[in-house]
Every structure is written in C-alpha cells, then in structure tokens.
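Open the model in your viewer and keep the sequence panel beside it. The stops below say what to select and what is there.

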Amino acid sequence: MSTEEKPAATPRSLAEALRARDDASLSALLRARPDLVTPVPTDLTQLATRAGTRASVTRALERLDRFTLQTAEALAVASDPASYGELLRLMAGEQGDDPEAAESPVARALPYAVDKLREQALVWGDDGHLRLVRTVRELLAPSPRQPSPTGLGPTVAEAAVPMSPNRVQDILAAAGLSSTHDAVSAVAALTALFTDPERMSDLLSDAPADSLEILDRLVWGPPYGQVTHDPAPRLRWLMDRGLLLPITPGTVVLPREVALHLRGGRAHRVTEPFPPAVEIAAPHAPQVVDATAAGQAYQALSTVEELLKAWDGGGPAVLRAGGLSVRDLKRTSGALGVSEPEAAFWLEVAFGAGLIASDGEADERYAPTPASDEWLDRPPAERWARLARPWLTGTRTAGVVGGRDAKDRALSALGPGLDRSAAPEVRHRVLTLLAALPAGASPDEPSLLRRLRWERPLRRADGTAGSSGGATGGEEDLRTRIARWTLEEAERLGVTGRGALSSHGRALLLGDDPRAQDAGSAEPEKPEEPEAFGELREPGEPGVPRAGVREPGLPYGSAGGAGPAAAEDTGPGGRLPVHRHHRAGGRPEPVPAPLPPAEQAAAADTAARVLTPLLPAPLDHVLLQADLTAVAPGPLERPLAETLDLLAEVESKGGATVYRFTPGSVRRALDSGRTAADLHAFLAAHSRTPVPQPLAYLIDDVARRHGVLRVGASSSYVRCDDEKVLEEILADGRSAGLGLRRLAPTVLAARTDPSTLLEGLRSMGFAPAAESPEGDVLIARAAAHRTPPRSLPQPVPEGPPLPDGPHLSAAVRAIRAGDEAATAPPKAPEIPEGDLPRSSAQDTLATLQMAVLTGTRVLIGHLDANGVATQRVLTPLSVEGGFVTAHDHTATAVRTYPLHRITGAAELADEEA
C-alpha cells in the first residue's frame, strides 16, 4: 500500500463491514455459517440482518472454541466500541499493558480469536473500534436473569439507575469524593474512582478484613448477594462507599469496575488460549494395533453374519411405535452372545448398512434385505468397509437406546428418535485426534474429552453458549457420551485396536494408504507433537515463518517488507481488517474437515485394501475329534461354514470355533435332503484328520432311523411299515396329547397338524420324516424371508447443509449483484430492440449453462402464466431441475424461471451489457 493512499474509513454498520470484504472473505463467512445462505440473501444488507438474528447467532456461538468464546464474552463486558488494547487487558489482565507480555500465550492467540469472530460476522470494526453484533452482546452480556460466564455484574452506571440522586451523592461523600450537581456526573465520578488502580487501592486499604472477605466471595461470581433491611457493619461499609450497590430490595451487586480491579483486570479466572493436549495413555507397536483391530473387524463380521442367520426366516415383530421390543432385544443379545447395549449397537450397524429393515407387511417384522445376500458374497474386507462407513457418517446413535426422549417415551433399538445430529461430527473429531497421535498410541480418555470440550464449550441451561460451565444441559452431556461411545464402538468395529487408530481406520477416515506412504519414505518422519495436538508454535521453528509486523491497510497475513511472512498465503479474508501484530506462530492448527461424499467411497475402498492382508485367509478344512466335535482353526469358507452350521451345533467361538455333532443336528442335515453317504463324503473331504468312528456310527444310526415314520396331512397321519413301531407309539403315554388312533395296521391318524406331530414324535426319540400327498419325502429347508429393496437410512444433518464451491461462488455473485442494484441509483436496463430471442431447447440450455460458468449476462424471452411475453436480462447463477436461478437485472432481484417458459436465450455483447 502506498503512503499516499488513505486508510479505509471505519465502517458504521455490519453491512458496511461486509461490503468492504472481498469475495473470498464472504465465501468463508457463508461456509462457516451456512444458514446465512439458505435462501440466498438479496443483498449485503439482508445478509447482515440475517447474521444478527438470534437463532443464527446462537448456532454460530455454539461452534466457537473456548478461547474464541472467551474473547466474545470479554467484548460483551467491555465498552462499546472497544479497542484491541482494552480487549487484551481484559483477557491478559494487568500484564496486557506490559510491552514484555507481547509474547504471552494470550497475546499470541488473541489476534486469531478476533479474526475468527470477524470472519463469522460476530464482531465488526477495526482494531480501534471493535463492536459485537447486538444479538451477541444481548446473549453474553451480564444481566440479573442471565449471569455472564465471566461472573461479572453490571457497570456502576447500569446498577445506579434505580438509585435516587441523594443516595448517589451520599456514596460520593463516603468514598471521599466531592459532590456534583447531578446524578450523571456523580456516577461518572464514581466510575472514575473504581477504574483508577491507585485510588482504589487506597480505598480498599481502609476496608475492614471481614468486608474484604465478602468481596473475595463475590469477585469471581456470581456478583449478587442478599442483604436484610438492617445490613451488618461489614456490609454497610461496602454499601456506603458504592462497592456494593442495591439493585432490588434485599439484593446487592458487585459493580463490574470493582470486580475487574480485584481481579487484576481479567475478565476470566482461567483463560485457555491453547487447546489442551491429548495425552498418550499407552504406546503400542503399530503392527500389534493393526492385528488387534483386524481381529475385532473379523469378529464384527461374524456377529453381523450371525444376526442375519438368526433372522433369515424372519425376525421379531416391529412395535406399533416402531423399533424392537425389550424382550426381543434381550433374545437377540442372547443369540449373539453379547450384552444388550452391544446387541443394540450391532442392530444399528446392520440397519445403517442397509442389511436389515422392516418388511412393511400387515404383521410387520424385521428381516434381512436383498442387499444382505449381496453383502455376504463380497470379500471380508469389503464387507467390513460397508459396515464402517455408514457408522462413521450416520446420525443414528445406538448408545441412547434404553433412554427416554423429550416426551418421556422409551427409545428402542431400530426405532425412531435415535438420530443425533452431532454424532458424525463427534465421531470424526475423536478419530482425527487419534490420527494426530503417534502411530500405535492410545489416548488418555479424560484428556481427549477435555480437548473436545475446549473445541465445543458446554452450553448453559438457558441454551446460550458459555465458556465456563459444566455439563448442565443434555446436549453437552450428550456430546461427551457420544465421544465415549465412539471410543467403545470403534474398538468393537475394528477401527481401533487397543485404543489406537489402526491403519485401515486411518484410511477410512482420511483416505490415505499408509502402505504407500511407508513405501515412499525410507525413514518415517517423527510427528511434530505441537502440530499434531493443534497447539501453537513459536516463530522461527522449522516450518514456521518468522513473524512480521503488518502495515496498516495490508491484507490479512501480510507483513511489511519482503520475506517468508510477507509471502505467506493465509487463505480467504484478504480484505478483513485485523490486528497489525499477528504472529505466524500463533495460528492454531485447523480442524480437519470430513471427506466429501464422493471421496468417502474411495476412502472405504482404500480401507478395504489396507485391511485385506491383515485378515486371516478362509480355511477349507476342519479337525474332527473323537469326542464328536470339530475344530475350525480359523475362519471357514462360506459353503463349508454353512454346511457345518447345518450338520453340527456351535459349542464355542473365539480364535477357533468348536462344533459338536448331535443326533438332532445330524437329523437336521438329513431333513435338508442330504443322505448319509453325502455326509460321510463331506466330512472326509474337509477334515485334515480321519473321520472318527463314533461320528460315523452316529451318522449311520440317525440315518437308519430317519424316515422310518412318515407324517402327512390328513389333518395329519403317521405311516410306518413296521406295525411294532406304531404300537410302541400308542403305548407311550407322551403321545396322549397328539390324539392318535389307528386307521390301519400301518397308519395312525392324529388330531394335530403335521408340524406339531413331527415335533411330538421327535421329542419321544423317533426320527420321523414329512411326506407329500404323493408319498415323497419333503426336504425341510427354512424359507428365507427378505424385505423389499430398501435404501440406506439418511443422516439427519445438524442445521443447513454445507454449500459447495460452485454454490458459494454463485451465492456471492448474486449477493454482490443484488447489493450493487440496491445501492446504485435506479437505472432501467438497456434491452435490445427487436423480437423475443428464440432458440431450441438444447441451445437455450447450453447458453444458460455457459453463462453460469462464465458469469456473463444473457437476454431471454419469457412467457408468464398469462401468455404475456417479456424480455429479461439475467445473470444466471444455477441451472438445475428444469429451472434457472438468476439475478434479474430488469427486476433487480434474484428470480427463478422455468425453462419451459423461456422462448430462447442469447448472450449479450459487452456494449449491450
């Protein structure tokens, strides 16, 4: 900037401050506060108005980190407008006036907090005139109904409003001040006394010790106290000198100026300019972490497969209000061999991946979807990625199952009301903090939660943001619980191992292949801890340019003179007014953003490739033992596992699965259509050990008795060629409930249905077989029940969706154009004379799409609903869904026109435009 140029005038409003920004800075504002762009404001004045609404401001405050929020709270108790020096004194205390304190943590971090507030349009004005947006001040300033997080009370001028002029004069006399001619000057004199450190020290030196004790109790808040109609002498001494001022009968307050003097000028008791570091709980070898996580991933696949198998013929019924009943959840947890909360987690994982859903029938129940069959046919690593990706990005939160909603209704698994908009953000942030640790390091959970609370301070019970509160509201407590659940669920799912982020978990999160990175560098680099933890680094360290002093008027991040600092690219916001002494070493590390949806699919594929070599290869054999068991020393190929599940019962799971052969399991295999010879051949082909003689005898014995009795439908009957077997059945007292009677020497009739008759005879030790009306044996196979095709559950976003680059550019162009039209003198657009532009639908669409890309103006012919033809001069912003959204220069507003009502479009020449 040349010395002849005049500095920019101080903006008089937020709209003027926004008007002084460049396009990149406006894009940064709309990206940080997407609710401002839905719908697109017509001009910058409307943008400023929308940025000051209570709902938008509250949403923006909730997304500030603790130090930035503390900065806003300090501005709320400062003068309006406040200078940067006054703000620094409120944040750093009396050392803010010390030139040697320029390198203090608060002094280094404060410029960036101010810049962030400016960027998000919560603060405007230059460094000499910092102004909070009015709504921000209303939310953060102290009031009797809403105490400030700083613990400060009202100023002397605010507290003295209900006091009589005589009472104010009495306070002046007791404080040793001369009387004044009016109450306004009296309040000003009292304020001057309380803001003068030397005179305040002299005044307090005469205070009784018990009076000073009262001040110590009120100094950090709350600043209000109760008094009787006849205060004690220690209170009377303070009230007589204005150190405590009455605001209502029986209530006194410590004036803000007095509290700041007692605090040493600090607005906060504890100022936290830096994010707390995430501490390491235990280091592990990365190979151990990956192996442990891969084992957990394999166990996750087995659990989901077990769930699909249990529900293959149809799962439990859907509650009338939706979801799974407590009894069915308990049954499912027993079938999976896990606790009920963990069973709810696996149900939600399968539901989020689109593997189970309700069938939508009259007697609605849950069942696997057609996508589950396709999922089972995929390689194990791909199946894991199909489970992990929806978990990471979904909003359904299994941890709230069993709780109550706002209407005190129970929250059930797979039911409504489980979406928590903050879940994807918290999960992503927890995993990125794990990714910032050295490879193989597991975090200390309390330090991790402290870091998350610093990044998103807890809200108070009234719903406004506060930087120094506990977990008073359900929302804040929910974020902490989601973080804890994330650590547990990531371990169950195999994203982490022994608490540390695995290689495939890192690939899923960031889309990076650690193997490719290792191959590209012969020696791994040691991570820089301050950068990993998001802390601030000193200027002059490796990778940190030395600080420069920015001349007035230079853009954000620039420094006077040449050098690295002057050439540093600081991103959008070049025309944002900022403090002139920003140090490059004080900039906090940015929080990594989640991957876009298109990159998330690629990251899931990368994670599957990284996980593949870590998973054990499926085996094609088992080890048969003489005690009628078979041991699978690892995961089995799917056909082998399915046949074994039919032929034997699973006795135990773990690193190896133990199957036990029983007469019932062998009969089940025979019922499915297999013969004894088939079973002998199957075991001989897939066993690494000889088939034990007891197992062969068991198969032959069950096969010899299988099908001797035949059950059919009359109501039902039993047929057997051996009359003695039928006599044995009739003589057995357990057959009384079946209602059997002899129709012929080899036929018994029953009053029960065939399925009940089959179960009754099997309970008596027989092995009957069902037969068709033609006398053929019926093969018993469970009918697979599938739902109609279902789409994946859609996440419930937190607020408006983030706009992408093209939408931001189009929105900024529209706002600029609307603002120019609103601020420029009215001028009718020059429309070329002649007939309406006419072109084919394809040419019209191509012209409009090209105008969106180039930002040029076009002339269109338009027919309204009444058939009236007009010409319009447009700057198209977007063309989609059969509509064109554009800034209409004829109407000086953003309008949307249907394409089918446009007769044609022609690009205007420069002289016409």
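Select Glu 382 first: its relative accessible area is 32%, so the residue is partly exposed (buried means under 20% relative accessible area, exposed over 50%, partly exposed in between, with a 1.4 Å probe and protein chains only). The model is predicted: local features need pLDDT of at least 70, side-chain atom pairs count only at pLDDT 80 or more, and totals for chains, interfaces and linings use all residues. Residues are numbered from 1 along each chain as its sequence is written, and side-chain values use heavy atoms, with hydrogens and water left out.

How many salt bridges does a search of the whole structure find? The count is 46. Three further selections show some of them.

- Asp 732 and Arg 734: this salt bridge has its closest N and O atoms 2.9 Å apart. Arg 734 is exposed, with a relative accessible area of 52%.
- Arg 63, Glu 425, Arg 456 and Arg 479: salt bridges with shared partners join these residues into one network.
- Asp 240 and Arg 236: the closest N and O atoms of this salt bridge are 3.8 Å apart. The two residues are 4 apart in helix H14 (residues 233-240), so about one helical turn separates them (helices, H or I of at least four residues, and strands, E of at least two, are DSSP runs numbered from the N terminus). Asp 240 is partly exposed at 23%, and Arg 236 is partly exposed at 32%.

Next, turn to the aromatic rings. The structure has 2 aromatic pairs (rings of Phe, Tyr and Trp, the last by its six-membered ring, pair if their centres lie within 6.5 Å; planes under 30 degrees apart count as stacked, over 60 as edge-to-face and the rest as tilted). Select Trp 311 and Tyr 366: their ring centres are 6.1 Å apart and their planes lie at 25°, so this pair is stacked. Trp 311 is in the loop between helix H16 (286-310) and helix H17 (326-336), while Tyr 366 is in strand S8 (residues 366-368), 55 residues apart. Trp 311 is buried at 5% relative accessibility, and Tyr 366 is buried at 4%.

Move on to Glu 348, in helix H18 (residues 340-352). Is this residue buried or exposed? At 7% relative accessibility, Glu 348 is buried. Leaving out residues up to four places away in sequence, Glu 348 touches Arg 396, Ala 398, Ala 413, Leu 414 and Leu 418 (contact means heavy atoms within 4.5 Å).

Thr 397 is in the loop between helix H20 (380-393) and helix H21 (423-436). Thr 397 is buried, at 2% relative accessibility. Its contacts beyond four places in sequence include Leu 418, Arg 427 and Trp 485.

The last stop is helix H32. Colour Leu 695, Ala 696, Leu 698, Ile 699 and Val 702, which are buried. Looking down the axis of H32, the buried residues fall within an arc of 160°, so they line one face of the helix (the arc is that of the directions from the helix axis to the C-beta atoms). They pack against strand S12 (623-625), helix H30 (663-671) and helix H31 (676-686). On the face turned away from the buried side, select the exposed residues Gln 693, Tyr 697 and Arg 704. Just after H32, Gly 707 has a positive phi of about 85°.

Conventions: Salt bridge = Lys/Arg side-chain N within 4 Å of Asp/Glu carboxyl O.
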